[in-house]
Amino acid sequence: MKTLLMGAALLGVMAGTAMAQPETQYQSPIPDQRTFLRNDDKYEGLAPGEGRESTFYAFQNCFKIGWIKRQKLTRTEWDLTVDQMLKDCNQEPLEADEKASVVEYLATNYGRRR
């Protein structure tokens, strides 16, 4: 019984100590700004090259650029994927020369090496 009372008293002291501590603000580990990108990188890390600007502006409003960069598709797969991505974004198909530039850019920079 004495042990039970001491345990209850100890628990009461611990609870009182925990309540007496000031509350701390939660700080998210995710930065407020995209600090992982260079400040001058308006293309969200897309590799430099011909077709980068067209690629970025064709898909920036509908797809995360990081998703595009993680794909490792063949030229044929990129050709089909670009059409599907435009369809998913409810956008008009690209002009033939612009689409060729985008597919070439994606296959060169984010293509499967075979």
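Reader: Is N90 buried or exposed?

Author: A residue is called buried under 20% relative accessible area, exposed over 50%, and partly exposed in between, with a 1.4 Å probe and protein chains only. N90 is exposed, since its relative accessible area is 74%. This is a predicted model, in which local features need pLDDT of at least 70 and side-chain atom pairs count only at pLDDT 80 or more, while totals for chains, interfaces and linings use all residues. Residues are numbered from 1 along each chain as its sequence is written, and side-chain values use heavy atoms, with hydrogens and water left out.

Reader: Which residues have the most contacts inside the largest nonpolar core?

Author: In soluble globular proteins, nonpolar side chains tend to be buried together. A nonpolar core is here a set of buried Ala, Val, Leu, Ile, Met, Phe, Trp, Tyr and Cys residues joined through side-chain atoms within 4.5 Å. The largest such core has 21 residues, and those with the most contacts inside it are L46, F59, I68, W78, V82 and L106. Four helices, α2 (52–59), α3 (65–70), α4 (75–88) and α5 (96–110), each supply at least two residues of this core, and α5 gives the most, with six. To take one member, I68 is in contact (heavy atoms within 4.5 Å) with F59, F63, W78, M85, L106 and Y110, once its neighbours within four places in sequence are left aside.

Reader: Which residues of α4 are buried, and why do they line one face of the helix?

Author: The buried residues of α4 are W78, T81, V82, M85 and L86. Seen down the helix axis, they fall within an arc of 135 degrees, so they line one face of α4; the arc is that of the directions from the axis to the C-beta atoms. The face turned away from this buried side carries the exposed residues T76, L80 and K87, whereas the buried residues pack against α2, α3 and α5. As for its span, α4 has 14 residues and reaches 20 Å from first C-alpha to last, close to the 20 Å expected at 1.5 Å a residue, where the expected span is 1.5 Å times one less than the number of residues.

Reader: Which residues are buried in α5, and what covers them?

Author: In α5, the buried residues are K99, S101, V102, V103, Y105, L106, A107 and Y110, and their cover includes α2, α3 and α4. This helix of 15 residues reaches 20 Å between its end C-alpha atoms, close to the 21 Å expected.

Reader: Which residues does the disulfide join, and which parts does the pair tie together?

Author: A disulfide is a covalent bond between the sulfur atoms of two cysteines, assigned when a pair of cysteine sulfur atoms lies within 2.5 Å. A search of the whole structure finds one, joining C62 to C89 with an S to S distance of 2.3 Å. C62 lies in the loop between α2 and α3 and C89 in the loop between α4 and α5, so the pair ties together parts 27 residues apart in sequence. The torsion about the S-S bond is about -110 degrees, so this disulfide is left-handed. C62 is partly exposed, with a relative accessible area of 40%, whereas C89 is buried at 13%.
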